[in-house]
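User: Can you walk me through this protein fold? I'm new to this, so please keep it simple.

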Amino acid sequence: MSEAIKNIKEPVRKTKVESFDISRSDETLHLATDLAKFIKDNKLSTTVQGKEFVNVEGWQYAGSRLGIVPIVDHVINVSTEQEIKYQAKVTLFDIKSGHTVGAGFAICSNKEQGKKFYQEFAIMSMAQTRAIGKAYRNILAWIIRAAGYEPTPAEEMEYGGNTPAAAQPAMIVAPAAAPAPVAAEAPAAMKAVPAEPAAPAAAEATVPAYASASQKEEIIRLLNHPVITRPEKTKMLLNINRLDEERATQAIAKLKKAIDDRENGQSAAA
């Protein structure tokens, strides 16, 4: 009797891991339900004029459920002497297929409302954040809409343009134009300061040189080699946007060495 009891095995409960295919609307509609709950529970939306706009973290969550990760192609400094301004481009990479499935461009400037005192790195970072949201918006807007939110990233709604910032100085200068002596003295006093155009160059020099698009493409090509495991591939792709040029070069060298070692090991074993 005891032997019979021992032989009775409890059913093994397997945890179901959901994955979705963007090409199948029936699957992605289930994702919309899950997405709506995730955004609400984690407060990942911003209310603008009574409408709910999803923050970039919500868009990233939707993309991750589909196996789509963002890759920053480039961040370009398009600043002038009067304005700090960056442009970023982001492409979306499908881990399952190994192909690029979308892209997005965005800019950020300290001339925007609320960003007058932003440091240069913050302007550059926001340009990348907006580009990530824009790239996801281009392919996943209908899923966000199905989840009950506006199909525009919240970070885009922050952009007020340069018009309000330009309008305010115009209103202040008009009444101050009457006292000519004060207006004449201010530029004279300031003439000792403009002699430092090297400041923007110094600030620009502190901006890290991120890995180039060609370096990222080479890393992705190497990651698609059969001897590279899926966990290794996923880990590298999730961190690829943080690599600078030197670390990207090191990553490429390590991947090539790993591929050579594993291929030689397999041939030796055969």
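Analyst: Let's start with a definition: buried means under 20% relative accessible area, exposed means over 50%, and partly exposed is in between, using a 1.4 Å probe and protein chains only. Helices (H or I, at least four residues) and strands (E, at least two) are DSSP runs, numbered from the N terminus. This is a predicted model, where local features need pLDDT of at least 70, side-chain atom pairs count only at pLDDT 80 or more, and totals for chains, interfaces and linings use all residues. Residues are numbered from 1 along each chain as its sequence is written, and side-chain values use heavy atoms, with hydrogens and water left out.

User: Within what arc do the buried residues of H9 fall, seen down its axis?

Analyst: Helix H9 covers residues 213-223, and its buried residues are Gln215, Lys216, Ile219, Ile220, Leu222 and Leu223. They line one face of the helix, because seen down the axis of H9 they fall within an arc (taken from the directions from the helix axis to the C-beta atoms) of 165°.

User: Which exposed residues does the face of H9 turned away from its buried side carry?

Analyst: Here we look at the other face of H9, the one turned away from the buried side. The exposed residues there are Glu217 and Arg221.

User: Which strands stand at the edges of the sheet?

Analyst: Three strands make an open sheet in the order E3-E4-E5, with antiparallel pairing; two strands pair if DSSP finds at least two bridges between them. Two of the strands have a single partner each, so one side of each is left without a neighbour in the sheet. Those edge strands are E3 and E5.

User: Is Val90 buried or exposed, and what is its relative accessible area?

Analyst: Val90 lies in strand E4, residues 85-94. Leaving aside neighbours within four places in sequence, Val90 is in contact (heavy atoms within 4.5 Å) with residues including Asp73, Gly102 and Ala131. Val90 is buried, with a relative accessible area of 0%.
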